[in-house]
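Keep the coordinates open as you read.

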Amino acid sequence: MKSEAGYKNKRSRFIKSIFLLSALNFAVTSAGEEISFEKSLPKGGEIKKEGNNTVLSLKSPETVSLASKDTAVEPNTLYQVKLEAKVNGSELDPNKNKYLPYWEIRIKDTENRLPHEGHLKYPWQKCFSTKWRTYQQSFYTPATGKKLQLIVSNGSGKNSIMIRNAVLKKVISQNILINSDFSGGEFDYSGWNELSKAKLVKDKGTVKLEIPAGGYALSDPVPVFPGKYTFSGMPLPELFFYDADMMRLNCKRIRSNTFSTPENAAYLRFFFVSGKIGKISLRHIKKEGK
């Protein structure tokens, strides 16, 4: 899990991109752009056609990985990566085997530098099904983010992986939170990468984030700017505000669904303790005429 101190961004780039974000008339995800991989393959790597699909296969007695070509992205913007994968191995329980095939995401700046917050590699990013299954991850790009790479690995020499239909989509939504309805299922922890004892569980046909006594959930940072916001859902969270360099400004426990951000706030995180979190949302309240 990445701590809050690791996120470093520049306020000038932040302000420019976040005001562009707030001006949009939000709807749904974009059509998406195919993520293509380098033709130079590692040992045991193969690219082949299966019908209309191009399939990448990694099968090696060693741990191997393959990086995609760079895909252009915009700073401080919400995206989603989707890919289909099928694996073979001896132990495919994602809760027991930490060496399963996996993916990671790297978001670099124009100089090919990788900021701390641009390296998305968490324990839940595993592929575990022996049948074709869709995996997804949603995230905000850093304030300096310009290029995205998808990395795929077999995890260990005991496993093999096949992937196809890797796509990058821009998420356009009035709700600025990441994965706040948990519609990706109980294995998609996008937006919730700092947890203690908390986990996603099925609950009456939906998925919720369950936090037992003594545990907590701290959301990933989402970009904000000074103004009013409205939160919907229960329970009400405690708010952690940060400046453009991800230095924490203050904490605030909200008593109603509407609140104002501090004047120099650039990022916000939600902090929950105990209970079950279902569908929640956070929306910016625009001033009349804007």
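**Charged pairs, strands and sheets**

Arg106 forms a salt bridge with Glu104, and their closest N and O atoms are 3.0 Å apart. The term salt bridge here means a side-chain nitrogen of Lys or Arg within 4 Å of a carboxyl oxygen of Asp or Glu. This is a predicted model: local features need pLDDT of at least 70, side-chain atom pairs count only at pLDDT 80 or more, and totals for chains, interfaces and linings use all residues. Residues are numbered from 1 along each chain as its sequence is written, and side-chain values use heavy atoms, with hydrogens and water left out.

How is burial judged? Buried means under 20% relative accessible area, exposed means over 50%, and partly exposed lies in between (1.4 Å probe, protein chains only). Glu104 is buried, because its relative accessible area is 3%. Arg106 has 30% relative accessibility, so Arg106 counts as partly exposed.

A second pair involves Arg113 and Asp109. Their side chains meet in a salt bridge of 2.8 Å, N to O. Asp109 is buried, with a relative accessible area of 8%. Arg113 is exposed, at 53%. Side chains of opposite charge can pair when their charged atoms come close. How many salt bridges does the rule give? The count comes to 14.

Now step back to the whole chain. The protein has one helix and 23 strands. Both kinds of element are DSSP runs, numbered from the N terminus: helices are H or I of at least four residues, strands are E of at least two. The protein has 290 residues, and 51% of them count as buried. Contact means heavy atoms within 4.5 Å.

Turn to one of the sheets. Three strands form an open sheet in the order E13-E14-E22, with antiparallel pairing. Its edge strands are E13 (199-203) and E22 (275-277), each of which pairs on one side only. From one strand to the next, the twist averages 40°. Axes here are lines fitted to C-alpha atoms, for helices over the stretch in contact, and angles run from 0 to 180 degrees between N-to-C directions. Two strands pair if DSSP finds at least two bridges between them. Strand E14 (residues 206-211) and E22 pair in the antiparallel sense over three bridges. Leu209 stands opposite Ile277 in E22.

Charged residues come next. Lys208 forms a salt bridge with Asp203, with the closest N and O atoms 3.3 Å apart. Salt bridges that share partners join Asp203, Lys208, Glu210 and Lys276 into one network. Is Asp203 buried or exposed? Asp203 is buried, with a relative accessible area of 15%. Lys208 is partly exposed, at 25%.

Another open sheet of three strands has the order E20-E17-E23, again with antiparallel pairing. E20 (258-260) and E23 (281-284) are its edge strands, and each pairs on one side only. The twist averages 30° from one strand to the next. Strand E17 (residues 228-232) and E20 run antiparallel and are joined by three bridges. Lys228 stands opposite Ser260 in E20. Strands of a sheet pair through backbone hydrogen bonds, either parallel or antiparallel.

Two single residues complete the walk. Ser153 sits in strand E10 (residues 147-153). Ser153 is buried, because its relative accessible area is 1%. A polar atom of the Ser153 side chain lies 2.9 Å from the backbone oxygen of Val64. Leaving aside neighbours within four places in sequence, Ser153 is in contact with Leu58, Thr63, Val64, Ser65, Pro101, Tyr102 and Ile161.

Cys251 is found in strand E19 (residues 248-253). Cys251 counts as partly exposed, because its relative accessibility is 36%. Which residues does Cys251 touch, not counting those up to four places away in sequence? Cys251 touches Glu238, Leu239 and Phe240. Glu238 and Cys251 are 13 residues apart along the chain, and their C-alpha atoms are separated by 6.9 Å.

Methods. A polar contact is a pair of N or O atoms within 3.5 Å; within protein, one must be able to donate a hydrogen and the other to accept it, and residues adjacent in sequence count only if both atoms are side-chain atoms.
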